[in-house]
Amino acid sequence: MELREVMGRRRSIRFLNPNKPVEPEKIQMMFEASRIASHWGNVQSLRGIAVFRDAAPKEVVDSVTSPIAGYQIRLAPVSIVWFLETAAVDGQADRLRELCKVGALGYGEGKEKAIEEQLLPIFKNILESTKAPGLGEVDCGQGIAQATLMAFDLGLGTCCLGTPHAEQIRQNLGMPESCRILLIQTVGYPAESPEAGGQRPRLPFEELFHINGYGHAFPRSQEVVDQLTRDEMFQAPAPLPWREAELEYLQKALDLKGNGLL
Ligand SMILES: Cc1cc2nc3c(=O)[nH]c(=O)nc-3n(C[C@H](O)[C@H](O)[C@H](O)COP(=O)(O)O)c2cc1C
């Protein structure tokens, strides 16, 4: 499948088959994909803990929760707790030296000296501030996105879930204070159809993207849109006509109570 088609088909899968276990190798593949994602200064602050619902100690499974659509975590064979290790920033100078050594950074004679005398002092000054939420989160997001694409490629469904219980989860999982929980990603084989009701709504393109200054909408060429539609990056918008019936079916099949929001 072409990358464009993949982007069009991949969407959050909330309804997972609770009975079909996920192979640990597939979770490893997700982690492998996230590990090679880009990160500023090659700091690599993204970390993950995979919690296998049927194998982890009950107190570990019970500690991974979110009050928003928490049924998704209860159903998921695996939940990945993605987090950012702020202490990774402390290795920043070494990461830059490594980059220089392997030919990814700097050129010409004396590049090592330039790294030490020019680049590292700049980074040293901003070291503590780069541990605050910001660029690191963006880079972790890239890693999580790569893991998500890998999961899709392996036939898995995933859904990212925020949680206000992050501090509690951090303590329950025995993570050091330097760790900042980002989100929980449920992983499993989809119980719903791959379309999952169709392409979810998005804000208008022109509202989001600008050209040569704020407030000048980036011109959206219909030709490009048509091309991407032919490439199947754009799929039929939600809701597909049979979605409500599918939701009703899923609710019964998975024995879900309530309205699926909490
Ligand atoms: C970082 C992140 C956090 C999210 N947190 C939640 C959440 O707490 N609860 C929830 O039901 N969905 C959550 N979602 C899923 C979004 O609601 C979903 O991406 C959105 O509805 C669009 O659907 P799509 O991903 O299929 O395009 C989250 C998604 C992301 C990327």
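This is a predicted model: local features need pLDDT of at least 70, side-chain atom pairs count only at pLDDT 80 or more; totals for chains, interfaces and linings use all residues.
1. Overall make-up. The protein has 11 helices and 4 strands. Its C-alpha atoms fill a box of roughly 65 × 55 × 35 Å along the principal axes. Of the 262 residues, 24% are buried. Among contacts with a separation of 6 or more, 83% join residues 24 or more positions apart.

2. Length of helix α2. This helix runs over residues 24-35, which makes 12 residues. At 1.5 Å a residue, α2 should span 16 Å.

3. Buried side of α2. I27, M30, A33 and S34 are the buried residues of this helix. They lie on the same side of α2, because they cover an arc of only 115 degrees around the axis. The general rule is that an α-helix has 3.6 residues a turn, so residues three or four places apart point the same way.

4. What covers that side. The cover over the buried residues of α2 includes the strands β1 (46-52), β2 (78-85) and β4 (179-188). Helix α7 (135-153) is also part of it.

5. Exposed face of α2. P24, E25, Q28 and E32 are exposed. They sit on the face turned away from the buried side of α2.

6. Ligand shell. The residues around the ligand are R11, S12, S66, I68, A69, C159, C160, L161, G162, L183 and R200. By type, the shell holds 6 nonpolar, 3 polar and 2 charged residues. Strand β3 (residues 157-161) supplies the largest share of the shell, with 3 residues.

Note on methods: Residues are numbered from 1 along each chain as its sequence is written. Helices (H or I, at least four residues) and strands (E, at least two) are DSSP runs, numbered from the N terminus. The expected span of a helix is 1.5 Å times one less than its number of residues. A residue is buried if 20 or more other C-beta atoms lie within 10 Å of its own, exposed if 12 or fewer, and partly exposed in between; C-beta atoms are placed from the backbone. The arc is that of the directions from the helix axis to the C-beta atoms. Two residues are in contact if their C-beta atoms, placed from the backbone, lie within 7 Å. A residue is near a molecule or strand if its C-beta atom, placed from the backbone, lies within 6 Å of it. Ala, Val, Leu, Ile, Met, Phe, Trp, Tyr, Cys and Pro count as nonpolar, Asp, Glu, Lys and Arg as charged, and the others, Gly among them, as polar.
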